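Subject: Structure handover

Hello,

Here is the structure I promised to pass on to you. Please open it alongside this message, and my notes follow below.

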Amino acid sequence: MFANWAPYLTNAQARVLLFMAHRALDTTGDRGEPPGLYFGGHAAIAKACGYTKANTEPTPQNLRSVRKVMHELIERGAVALVRGARYGNNASYRIRPDPWSTS
């Protein structure tokens, strides 16, 4: 995934996508979720990718920065929104490991 997408992404986009791919499901989930599904939330991305200091909760500005990068990744086709966030549930994203695939 990283080798396929890195030439087409900014540094921030590549870091976020790499973290999402690392945390995404490798196989079908317990409830039938497909492989390549990320549902870890924007706060986890903010903490892992350096948008916030270690051991602190992300600020609204940190989360806006993550949302901006996520929007850019969706526009580029690296990820697709599967289900938007709802109260008590994070959004779900499907990761496209290959920029040339049509799935």
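Contact here means heavy atoms within 4.5 Å. Please also keep in mind that this is a predicted model.

W5 sits in helix α1, residues 2-5. Is W5 buried or exposed? W5 counts as buried because its relative accessibility is 3%, and the cut-off for buried is under 20%. Leaving aside neighbours within four places in sequence, W5 is in contact with L17, R76, G77, A78, R96, P97, D98 and P99.

Next comes helix α2. Its 13 residues should span 18 Å at 1.5 Å a residue, and the end C-alpha atoms are 19 Å apart, which agrees. The buried residues of α2 are Q13, A14, V16, L17, F19 and M20. They pack against α1, β1 (37-38), α3, α4, β2 and β3. R15 also belongs to α2, but R15 is partly exposed, with a relative accessible area of 36%. Not counting residues up to four places away in sequence, R15 touches C49 and Y51.

In helix α3 you will find I45. I45 has 0% relative accessibility and so counts as buried. Beyond residues up to four places away in sequence, I45 touches V16, F19, M20, Y38, Y51, V66 and M70. From I45 to L17, 28 residues apart along the chain, the C-alpha separation is 9.4 Å.

Helix α4 covers residues 60-76, 17 residues in all, and reaches 24 Å from its first C-alpha to its last, close to the 24 Å expected at 1.5 Å a residue. Buried in α4 are N62, V66, V69, M70, E72 and L73. Why do the buried residues of α4 line one face of the helix? Seen down the axis of α4, they fall within an arc of 160°, so they line one face. As background, an α-helix has 3.6 residues a turn, so residues three or four places apart point the same way. On the other side of α4, P60, K68 and E75 are exposed.

What do the buried residues of α4 pack against? They pack against α2 (11-23), α3 (42-48), β2 (79-83) and β3 (92-95). N62, a residue of α4, is buried with a relative accessible area of 12%. Apart from neighbours within four places in sequence, N62 is in contact with Y51 and T52. After α4 comes G77, whose phi is positive, near 90°.

Finally, there is the largest pocket, which holds about 250 Å³ of space. Its lining is made up of L25, G29, D30, R31, E33, L37, F39, V82, R83, N89, N90 and S92. By residue class, the lining divides into 4 nonpolar, 4 polar and 4 charged.

Best wishes

Terms used
Residues numbered from 1 in each chain as written. Predicted model: local features only at pLDDT ≥ 70, side-chain atom pairs only at ≥ 80, totals over all residues. Heavy atoms only, no water. Helix = DSSP H or I, 4+ residues; strand = E, 2+ residues; numbered from the N terminus. Expected span 1.5 Å × (residues − 1). Buried < 20%, exposed > 50% of the residue type's maximum accessible area, 1.4 Å probe, protein only. Arc of directions from axis to C-beta. 1 Å grid on protein atoms, 1.4 Å probe; cavity = no way out; pocket = protein on both sides within 12 Å on 5 of 7 lines; lining within 4 Å. Points joined across faces, edges and corners; volume = space filled by probe spheres on them. Nonpolar A, V, L, I, M, F, W, Y, C, P; charged D, E, K, R; others polar.
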